[in-house]
Structure formats: structure tokens, C-alpha cells
Amino acid sequence: MKIFYFGSVCSQDVFNKTVEKSKIKPSASAQSFESALIKGFSENTDIDITVASAESIAMFPGGNRIYLKKRIDLLTENCSANIISAINLPLIKQINHADGAVRLFKKWEKENRNIKEKCVLVYGLYPQVVNKLQKACRKHNCKIFALITDIPSTMFTYTKSNNILKALFADSYRKKAVLIQDKFDGYIYLTEKMEEKVAPGKPYIVVETIADTNVFDKTERVEKSYPPAIMYAGALYKKYGVDMIVEAFENVKNNCELWLFGSGDYEDEISQKAKQNPKIKFFGRVSREDVLIKEKEATLLLNIRDPEELYTRYSFPSKMIEYMLSGTPVLTTKLSGIPNEYYSYCYLVNERNIINIAEQIDNILSDGKNNITSVGNKAREFVIREKNCNVQANKIAGFLKRNV
């Protein structure tokens with residue numbers, strides 16, 4: 001089967017440099033997800049994938065480059081990405097990416113015009129590009145599928161921007177994405193509930209995650225920290241329960257530390273808390289490699305999102321997989337976006353309140369090193385066995401084949 005894939009993935013080396021040198025950082029979760037997907041596809045001998053990419057980088061000067069050069073990035077041993085050139089400024093960038101993607105598609109379609117088993121797969125909804133690709137696919141009678149990781153109607157609604165231009169851009173982007181969301185031939189969703197919000201009745205499958213099971217292979221062997229560390233890494237938003245994590249930690253009786261990594265609307269308050277309490281360690285946004293090492297050093301990893309929040313129905317926390325692959329156990333709330341099978345391999349929050357969470361952390365820390373280690377190891381084995389990139393990419397490939 002031939003697949004023309006459009007996304008935002010680039011080589012990990014380039015991505016790391018962009019994170020290091022840019023004021024506004026690109027999404028590490030998107031880069032990880034796409035990289036794992038491409039790896040899975042490229043290892044399937046029945047799949048021939050061509051990758052076109054609008055590299056993920058903030059508009060200049062938030063991003064470190066004003067001109068994005070056309071280039072080829074090696075993603076795996078046998079798969080490269082065609083990075084589309086663009087001037088990294090508002091409107092111009094979107095037009096450049098759309099025109100570049102369609103040019104690459106037309107070339108690919110011409111080369112494969114006699115192949116019946118072929119399709120286009122788009123990661124996310126980049127309105128300017130997707131609109132043109134949808135039209136080109138209809139013209140050439142080629143089916144187009146979407147891999148949806150965020151509900152279009154809720155894009156950019158997690159935080160409020162004080163910048164009027166940014167707010168207007170986000171609103172325009174969201175409206176355009178909603179207009180095109182139901183114009184695909186099929187969908188890959190992260191949660192079951194997404195289907196009812198995006199394109200009810202159209203063909204779909206649910207693939208909540210794609211795990212690169214080798215992600216920790218290059219990290220050095222580490223010992224567990226002492227005193228024990230409770231850790232959260234990701235977006236530091238109150239919406240994600242980070243304030244509750246901090247307040248719960250302040251009620252934990254065991255001798256331990258709280259490690260916090262990332263950025264968001266709660267980071268200023270975390271900085272103040274860290275100054276007042278030396279057991280609260282705020283690391284800010286650091287390299288992914290440093291986060292991976294710390295996840296292995298930690299004793300317990302936290303995902304304390306509010307199950308009553310509407311967004312939890314339509315999202316699978318990408319950090320959950322990274323957490324589980326670390327071999328360090330996870331304490332999580334029960335969210336409708338996480339399938340029940342995961343909860344056999346995690347500690348589960350019974351009641352989401354400060355006192356209960358603190359008591360559960362104390363109980364876990366008092367459970368004994370061997371028991372805690374066993375929970376983490378079983379979670380790691382589950383993800384490696386059931387959610388690796390080959391298994392998940394093959395599931396997607398099977399869906400595409402059935403619907404072309």
C-alpha cells in the first residue's frame with residue numbers, strides 16, 4: 001500500500017535545536033507521536049510511505065528561523081521527510097506550506113497513478129494545507145484520511161491569551177478547522193468520544209497512543225532518588241490539576257520531594273512555592289533527555305486531571321505512555337479518554353481531593369520498594385507488548401486498506 005503522509009515531523013536533531021534556540025517551543029508530544037507512527041509504518045514491508053512535512057516551529061521571532069529551507073530529514077533507516085520550504089511569517093508561511101504540500105502530492109500521485117491501493121493520511125488539521133489537499137484528492141480520486149489528536153472545536157481554548165492578535169488568529173484557525181473536519185474519508189482518533197464531535201457516522205478506528213518502546217534506550221542507567229521523588233512533567237496548567245498536585249504534596253507525611261517540569265499558567269506560583277519549600281523542585285522546561293532520566297529516577301509519576309473536565313473525554317494524555325515506559329509507576333485519576341485496560345497497570349486515585357491524594361501517595365511510598373517496582377515493571381511490559389509502534393501502525397494500516 002502507498003501512503004502520502006502530511007504532518008509536522010522532522011529529524012530529532014533538528015527538533016532539539018529548535019527547542020534549544022526558540023523562545024516559543026514546539027510540541028514534544030506531537031514530534032514523539034509522529035516519529036513513532038512513521039517508525040511503525042516504515043518497518044511494515046507492505047507499506048510504502050512518502051512523508052511531507054510542515055516543520056513545527058513558532059512564527060519568527062518566537063521561532064529561531066525566519067526562513068525554513070527545503071530539505072530532506074532522515075527519520076528512520078529507510079524513511080525520510082520532505083521538509084517544505086517557507087518564509088516563517090504569518091500568512092506567508094501557511095500559503096507556502098499549502099502550496100508545497102500540494103506540489104509533493106501531485107508528484108506522488110503521478111508516480112503512483114496506476115496503483116489502486118493508495119491514500120493520503122494527514123496528521124491533525126492544518127486548515128490551509130488540508131483544504132487544498134482535500135480538493136486535490138477529490139480531483140485525482142484519491143481517498144484522504146485524518147489522524148485527529150485534538151478536537152478542532154476546542155483548539156487553543158485551554159489557556160487565554162492577552163495578545164489580541166494571537167486570540168484572533170486562534171479563533172480564525174479553530175473556525176477553519178471545524179469547517180473541514182468532516183470532509184475526510186475516514187478517521188483515526190485517540191478516544192472513542194472524538195467520533196461524535198468530529199464526523200459522526202464516518203469510518204474510524206481508535207488508536208489512543210503509539211509508543212516508541214526504544215525511547216529510554218539511550219538514557220543512562222540511574223538509581224532511584226533519595227529521598228523518594230514524586231514527579232509531574234508536562235503542561236503546568238491548573239486545568240491539568242497541577243495546583244492540586246502541589247497542594248496534595250504539602251500534605252504528604254513521608255519524607256519525599258516533588259519534581260515539576262514544564263511551563264504553563266501555573267509556573268509562577270510553582271516558582272514561589274519552590275522558594276518557600278525546599279522539597280518542591282521546579283526545573284522548568286528542559287530537554288526531553290533530561291526529563292526521561294528524571295522519570296526513571298523518580299519513585300512515582302503523577303497524572304491528576306479532573307475527570308469532570310469535558311476535554312478529558314476527547315484526549316488521551318500522551319505523557320501516560322512515556323511514564324509507563326519509564327518503569328516508574330503512575331498514580332492517575334480515572335479519565336474517560338483512557339481505556340480501562342490501562343488501569344490494571346497503574347495506581348488509581350479513588351477520590352480527587354487534596355487529602356485523599358496525599359494519603360494515597362503516603363500509602364504507595366509505604367508499600368515497599370519491591371511492590372512499587374513491580375507495578376512499574378508490569379506497566380512497562382504492557383506498553384511494550386500491546387502499544388508499540390509496529391502494533392499500532394499496523395492497526396492503522398489495516399483500517400486504511402479496508403477503506404480505500
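Visitor: What is a patch made of, before we look for one here?
Guide: A patch is made of residues with over 30% relative accessible area and no salt bridge. Nonpolar side chains are joined into a patch within 5 Å.

Visitor: Which residues form a nonpolar patch on the surface of this model?
Guide: This is a predicted model. The patch has about 420 Å² of accessible area together. Phe60 belongs to the patch and is partly exposed, with a relative accessible area of 36%. The residues that form the patch are Phe60, Ile66, Tyr67, Ile87 and Ile92.

Visitor: Which residue does a cis peptide bond join to Phe60?
Guide: Phe60 is in the loop between β2 (48–53) and β3 (67–68). Omega of the bond is about 10 degrees, and the partner is Pro61.

Visitor: The peptide bond from Tyr226 to Pro227: is it cis or trans?
Guide: Pro227 is found in the loop between β10 (204–206) and β11 (229–233). Omega of the bond from Tyr226 is near 0 degrees, and the bond is cis.

Visitor: Is Leu91 buried or exposed?
Guide: Leu91 lies in the loop between β6 (86–87) and α3 (92–111). Its phi is near 70 degrees, a positive value in a residue other than glycine. Exposed means over 50% relative accessible area; because Leu91 has 64%, it counts as exposed.

Visitor: What is phi of Asn141 near?
Guide: Asn141 has its place in the loop between α4 (127–139) and β8 (144–148), and at 75% relative accessibility it counts as exposed. Asn141 is a residue other than glycine with a positive phi, near 55 degrees.

Visitor: How many disulfides does a search of the whole structure find?
Guide: A disulfide needs two cysteine sulfur atoms within 2.5 Å. For Cys142, the nearest cysteine sulfur is that of Cys137, 4.7 Å away. For Cys256, the nearest is that of Cys346, 19 Å away. The number of disulfides found in the whole structure is zero.

Visitor: How many of the eight residues of helix α7 are buried?
Guide: Helix α7 spans residues 242–249 and is mostly covered. Its buried residues include Val242, Met244 and Phe249. They pack against several elements, among them β12 (257–261) and α8 (267–276).

Visitor: Leaving aside neighbours within four places in sequence, which residues is Asn350 in contact with?
Guide: Asn350 is in the loop between β16 (347–348) and α11, and at 63% relative accessibility it counts as exposed. With those neighbours left aside, its contacts are Asn356 and Gln360.

Conventions: Residues numbered from 1 in each chain as written. Predicted model: local features only at pLDDT ≥ 70, side-chain atom pairs only at ≥ 80, totals over all residues. Heavy atoms only, no water. Buried < 20%, exposed > 50% of the residue type's maximum accessible area, 1.4 Å probe, protein only. Helix = DSSP H or I, 4+ residues; strand = E, 2+ residues; numbered from the N terminus. Contact = heavy atoms within 4.5 Å. Patch = residues over 30% accessible without salt bridge, like charges linked within 9 Å, V, L, I, M, F, W, Y side chains within 5 Å. Areas by Shrake-Rupley, 256 points an atom, 1.4 Å probe, with all protein chains shown as cover. Salt bridge = Lys/Arg side-chain N within 4 Å of Asp/Glu carboxyl O.
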